[in-house]
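Subject: Structure handover

Hello,

Please find the structure below. My notes on what was found in it follow.

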Amino acid sequence: MMQLQQLNAQFLNLIQLFVCVGLLSFMIIGCKAPQRITVYNYHNTFEPPNGIKIKANLYCDQTELSNASWREYQYWTARVFGKQSTKFLETKIDTAVWLKTDSCLHTLFQYYHRHPAYNNYPLVGISHKKAEQFSKWRSDRVFEYYLVNNNFIPYDSFQTADNYFTIEKYFKEELTNVVKDHRVKYYPNFRLPNLAERQVVLVYADSTNNAFLEQCKSKKCKDDLRTNLEIYANISPCPKENSFAKATRPVWFSIFRKKHKGIYNIRGNVAEWAFENNTTFGGGWQDEQVQILANDTQVCTGTNAYTGFRNVFEWKKWEE
């Protein structure tokens, strides 16, 4: 009976790993069957979750990071380190940012990050440092998933603060019962985009969205795309009587999602942290569209209700 319970626990933990990587993201859009990859060429063929290929060895998240993805990060951290640990406390976000907005949005202080209705809405109240910490965690989890899925390492269902998987521990051979494979030389690197990469992403997003719009044959298709791809900004959050207050909108839309390889909310909705300190891209729901188009970058020194982030991705070679 004890052995059966242990097997069940291992199975459930393995499922949790797949779910964890599946949500990254970011709210990974559309579940795909596990992808077996030629081992010597995996860094040229493996597509990261939620990633859109911009150019050789540069992917960008199709969407902003969602509340659901952040809660998965918190769940993993609490399970491995404990809810009283410093590591877990570092994952908490500033929900009080909603109390600094219009009074009609003050209830979001309690509900926006926690309620399932906001699962697919963009995370806000996030500092630059916390966004960087998440990006590192995401890199570790995606690499672990790749190695487990391709039978390079066994999945450890009982990871603790002393033996949890990281990229550094794998390459330095610091993991118990794990032998580094000499064929694995590259690791996934999720991070915040820098100013130069932002310009490349903008060019891709604009050209792809315009090209897809031109392919629409029906009036409904064109109207739907124009509505969903417009800049979501200059929002007046306090509604008329008998309607709901709103600020952000969901990070993605269902219309043509599977066919369209565009990048959603690249401007507006929420501003996004840049790699450079105190810098954000794209403006947020409270900004004017004219301002966003005139100046893509803004100075930001703290948390607020209109700044989140998305990752770019690249493969990096481990240097001994």
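How many bridges join strand S5 (residues 279-281) to S6? Three bridges do, and the two strands run antiparallel. Before the rest, please keep in mind that this is a predicted model.

The chain as a whole

The chain has 10 helices and eight strands. Of its 320 residues, 51% are buried. The chain exposes about 16,500 Å², and carbon and sulfur atoms supply 53% of that area. Among the contacts with a separation of 6 or more, 70% are between residues 24 or more positions apart.

The open sheet

S5 and S6 belong to an open sheet of four strands, in the order S6-S5-S4-S7. The pairing in this sheet is mixed. Strand S6 (297-299) and S7 are at the edges and have a single partner strand each, so one side of each has no neighbour in the sheet.

Strand S8 and its partners

Strand S8 pairs with strand S2 (residues 58-61) in the antiparallel sense, over two bridges. Within that pairing, Tyr59 stands opposite Phe313 in S8. Strand S3 (residues 186-191) is also joined to S8, by six bridges, and these two strands run antiparallel as well. Here Arg191 stands opposite Val312 in S8.

Asn311 lies in the loop between strand S7 (307-308) and S8. Is Asn311 buried or exposed? Asn311 has a relative accessible area of 1%, so it counts as buried. The side chain of Asn311 reaches the backbone oxygen of Arg191 at 3.1 Å. The side chain of Asn311 also makes a polar contact with the side chain of Ser135, at 2.8 Å.

Ser135 is found in helix H6. Ser135 has a relative accessible area of 2% and is therefore buried too. Leaving aside neighbours within four places in sequence, Ser135 is in contact with Phe190, Arg191, Leu192, Phe309 and Asn311.

Aromatic residues

A pair of aromatic rings is described by the distance of the centres and the angle of the planes. The structure holds 30 aromatic pairs. In one of them, the rings of Tyr42 and Trp315 have their centres 5.3 Å apart and their planes at 80°; the pair is edge-to-face because planes over 60 degrees apart count as such. Tyr42 is in helix H2 (residues 42-45) and Trp315 is in strand S8 (residues 312-317), so this pair links parts of the chain that are 273 residues apart. Both Tyr42 and Trp315 are buried.

The rings of Phe143 and Phe171 give another pair, with centres 5.7 Å apart and planes at 15°. This pair is stacked, because the planes are under 30 degrees apart. Phe143 lies in helix H6 (residues 128-149) and Phe171 in helix H7 (residues 167-171), so the pair ties together parts that are 28 residues apart in sequence. Phe143 and Phe171 are both buried.

Which residues form one aromatic cluster? They are Tyr42, Phe46, Tyr59, Tyr146, Phe152, Phe190, Phe313 and Trp315. Separately, the charged end of Lys169 sits over the ring of Tyr164, 3.8 Å from its centre.

The loop between H9 and S4

Ser236 has its place in the loop between helix H9 (219-229) and strand S4 (271-273). Its relative accessibility is 58%, so Ser236 counts as exposed. Ser236 and Lys246 are 10 residues apart in sequence, and their C-alpha atoms are 8.1 Å apart in space.

Ala245 lies in the loop between H9 and S4 as well. With a relative accessible area of 29%, Ala245 is partly exposed. The C-alpha atoms of Ala245 and His106 are separated by 9.8 Å, while the two residues are 139 residues apart along the chain. Leaving aside neighbours within four places in sequence, Ala245 is in contact with Cys104, Leu105, Pro237 and Pro239.

Regards

Definitions and conventions
Residues are numbered from 1 along each chain as its sequence is written. Side-chain values use heavy atoms; hydrogens and water are left out. Rings of Phe, Tyr and Trp (its six-membered ring) pair if their centres lie within 6.5 Å; planes under 30 degrees apart count as stacked, over 60 as edge-to-face and the rest as tilted. Buried means under 20% relative accessible area, exposed over 50%, partly exposed in between (1.4 Å probe, protein chains only). A charge sits over a ring if NZ of Lys or CZ of Arg is within 6 Å of the ring centre and within 35 degrees of the ring normal. Two strands pair if DSSP finds at least two bridges between them. A polar contact is a pair of N or O atoms within 3.5 Å; within protein, one must be able to donate a hydrogen and the other to accept it, and residues adjacent in sequence count only if both atoms are side-chain atoms. Contact means heavy atoms within 4.5 Å. Accessible areas come from the Shrake-Rupley method with a 1.4 Å probe; for residues, only the protein chains shown count as cover.
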